[in-house]
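User: I am new to this structure and would like to go through it with you. Could you show it first?
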Amino acid sequence: MRIKEIAETGSTNTWIAENTSEADAPLLVYALWQTAGRGQRGNSWESEPGKNLTASALFVPGNIHPASQFSISEAVALAVADLLDEYGVEAAVKWPNDIYVGDRKICGILIEHSIVGQHLSRTMAGIGININQREFLSDAPNPVSLWQLTGKEYDIPAVASRLASCLEKRVGEACRPDGSGRESLHSAFMSRLWRGRGFHPFLDKKNGELISARIAGVAPDGMLTLATHRGEMRVYAFKEVEFLLDEK
């Protein structure tokens, strides 16, 4: 995977879209300062200049059917978790693809697919990992950085290089022509899920109901199934359910 560093951009996803002649997949572009980073559904991403890894990875998945596109999301989330493992930090994936350490968010991921016919023609993954930031000033409820967790400063280009290697490995699993890697990838994703065991509080945003439930499964298209204490099975798309913090 080729790696490109740029000094400043509004967003690395936008940079790739506007520089197609330089954006041959597989590619990881990271910016020392990203001035207008986006999270899921248009949320902003706070990042102090030069302190964090704000990047976009570009892939051509090839043989993946749109109905199985969530395997790419799983692969990217697991790649970030693998990266954090290398620095001695155990992370979990908050469905669909935020990365948490304990109850604090260290990474946000935004996946954008282009579809031609029955296959994904291109995938762009925006990845923001809090690395050396020591203080967060926005109203985000629970951010945390690698520095806050370990007390160490990290070289951003070196972290970008390790992330590229982790992404190549995990996305390569998802894109095996015979599909053999997607089952093991999904199993690894399920084992990494934040709140993946036991019953926890959720807000069913479709009807405003507070429920106690456990994660029963995640479908190939990314839909989440929760099993309530009453034995109901409820299926949710992203933003239809909110994870709530457990009462201490």
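User: What do strand 5 and strand 6 form, and how many residues lie between them?
Analyst: This is a predicted model. In the model, strand 5 and strand 6 form a hairpin with 2 residues between them. Gly102, in the turn, has a positive phi of about 65 degrees.

User: In what sense do these strands pair, and over how many bridges?
Analyst: Strand 5 (residues 98-101) pairs with strand 6 (residues 104-116) in the antiparallel sense, over 3 bridges. Arg104 in strand 6 is the bridge partner of Val101.

User: And what do strand 6 and strand 7 form?
Analyst: They form a hairpin with 2 residues between them, and Gly117 in its turn has a positive phi of about 65 degrees. Strand 6 and strand 7 run antiparallel and are joined by 10 bridges. Val116 stands opposite His119 in strand 7.

User: What is the order of the strands in the sheet?
Analyst: The order is 1-2-3-7-6-5-4, in an open sheet of 7 strands with mixed pairing. Strand 1 and strand 4 (92-94) each have a single partner strand, so one side of each is left without a neighbour in the sheet. From one strand to the next, the twist averages 25 degrees.

User: Changing topic: where does Trp95 lie?
Analyst: Trp95 lies in the loop between strand 4 and strand 5.

User: Is Trp95 buried or exposed?
Analyst: Trp95 counts as buried because its relative accessibility is 3%, and the cut-off for buried is under 20%. Leaving aside neighbours within four places in sequence, its contacts include Phe70, Leu193, Tyr236, Phe238 and Phe243. The side chain of Trp95 also reaches the backbone oxygen of Gly222 at 2.9 Å.

User: How many Å separate the C-alpha atoms of Trp95 and Val159?
Analyst: They are separated by 24 Å, and the two residues are 64 residues apart along the chain. Val159 is one of the buried residues of helix 4.

User: Which other residues of helix 4 are buried?
Analyst: Among them are Ile156, Leu163, Cys166, Leu167, Arg170 and Glu173. What covers the buried residues of helix 4 includes strand 1 (2-9), strand 2 (27-34), strand 3 (53-59), helix 2 (70-86), strand 7 (119-129) and helix 5 (180-191).

User: What span should helix 4 have?
Analyst: At 1.5 Å a residue, the 19 residues of helix 4 (residues 156-174) should span 27 Å. The end C-alpha atoms are 27 Å apart, which agrees.

User: Which residue has a side-chain oxygen that reaches a backbone nitrogen at the start of helix 4?
Analyst: That residue is Asp155, with a side-chain oxygen that reaches to within 2.9 Å of the backbone nitrogen of Ala158.

How values were computed: Residues numbered from 1 in each chain as written. Predicted model: local features only at pLDDT ≥ 70, side-chain atom pairs only at ≥ 80, totals over all residues. Heavy atoms only, no water. Helix = DSSP H or I, 4+ residues; strand = E, 2+ residues; numbered from the N terminus. Expected span 1.5 Å × (residues − 1). Buried < 20%, exposed > 50% of the residue type's maximum accessible area, 1.4 Å probe, protein only. Contact = heavy atoms within 4.5 Å. Polar contact = N/O pair within 3.5 Å; in protein donor to acceptor, adjacent residues only side chain to side chain. Pairing = 2+ DSSP bridges. Axes fitted to C-alpha atoms, helices over the stretch in contact; angles between N-to-C directions.
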